[in-house]
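This briefing is for a reader new to the structure shown below.

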Amino acid sequence: YKSIDPFLKRKTPKEPGQNEYYQSEEDRKKIDGLYECVLCACCSTSCPSYWWHPDKYLGPAVLMQAYRWVVDSRDEYTEERLEQLQEDIKLYDCQNIGMCSVTCPKGLDPRAHLQDLIRMVQELSLIHISEPTRQAEISYAVFCLKKKKYIHHLSHIHHRLIKFT
């Protein structure tokens, strides 16, 4: 949980006399269904991806909290947070089964928020990747698929391939 920096991060300091960072009602609504999570981990314990890789995959509870900070308009480290999540299989091992949402005792929807978070990381990745690198990753993935080898580290590039299929 600590790895996602679960606190507000700012690049600009408060102005003299400023006690709070205000946000619009629309921006405030974006974190509804996120801050209510009490980290009971019912979603993580029902997640097969978390069972398989508890040491690498952050799991629905932590990822939903990561999403909470990414969408908070008061936080100024959105891009850095997304870049951190795209490393290894911290995020991409989600199999989209949805048991996390079914088992949440508070009726929250981790699955939907994880899909939004994955989409945001994919969009960021496509912005930062150069065309030659993109083509090299596609070629490598096609090569591996033709050899019918399962290579686990392809998970970090599969999100980029979605745009090209």
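Two residues are in contact when heavy atoms of theirs lie within 4.5 Å of each other. In this predicted model, 70% of the chain's contacts with a separation of 6 or more are between residues 24 or more positions apart. The chain has nine helices and zero strands.

**Overall make-up**
- Along the sequence the elements follow the pattern α-α-α-α-α-α-α-α-α.
- Of the 165 residues in the chain, 41% are buried.
- The chain has an accessible surface of about 9900 Å², and carbon and sulfur atoms account for 55% of that surface.

**The largest nonpolar core**
- The largest nonpolar core contains 27 residues, and Leu 63, Leu 82, Leu 85, Leu 91 and Leu 117 have the most contacts inside it.
- At least two residues of this core come from each of helix H4 (60–71), helix H5 (78–85) and helix H7 (110–128).
- Helix H4 gives the most to this core, with seven residues.
- Leaving aside residues up to four places away in sequence, Leu 82 touches Val 70, Leu 117, Met 120, Val 121 and Leu 124.
- In soluble globular proteins, nonpolar side chains tend to be buried together.

**A nonpolar patch on the surface**
- Ile 97, Met 99 and Val 102 form a nonpolar patch on the surface, and together they have about 280 Å² of accessible area.
- Met 99 lies in helix H6, which covers residues 99–103.
- Met 99 counts as partly exposed because its relative accessible area is 35%, between the cut-offs of 20% and 50%.

Technical notes:
Residues are numbered from 1 along each chain as its sequence is written. This is a predicted model: local features need pLDDT of at least 70, side-chain atom pairs count only at pLDDT 80 or more; totals for chains, interfaces and linings use all residues. Side-chain values use heavy atoms; hydrogens and water are left out. Helices (H or I, at least four residues) and strands (E, at least two) are DSSP runs, numbered from the N terminus. Buried means under 20% relative accessible area, exposed over 50%, partly exposed in between (1.4 Å probe, protein chains only). Accessible areas come from the Shrake-Rupley method with a 1.4 Å probe; for residues, only the protein chains shown count as cover. Patches are made of residues with over 30% relative accessible area and no salt bridge: like charges are joined within 9 Å, nonpolar side chains (Val, Leu, Ile, Met, Phe, Trp, Tyr) within 5 Å. A salt bridge is a side-chain nitrogen of Lys or Arg within 4 Å of a carboxyl oxygen of Asp or Glu. A nonpolar core is a set of buried Ala, Val, Leu, Ile, Met, Phe, Trp, Tyr and Cys residues joined through side-chain atoms within 4.5 Å.
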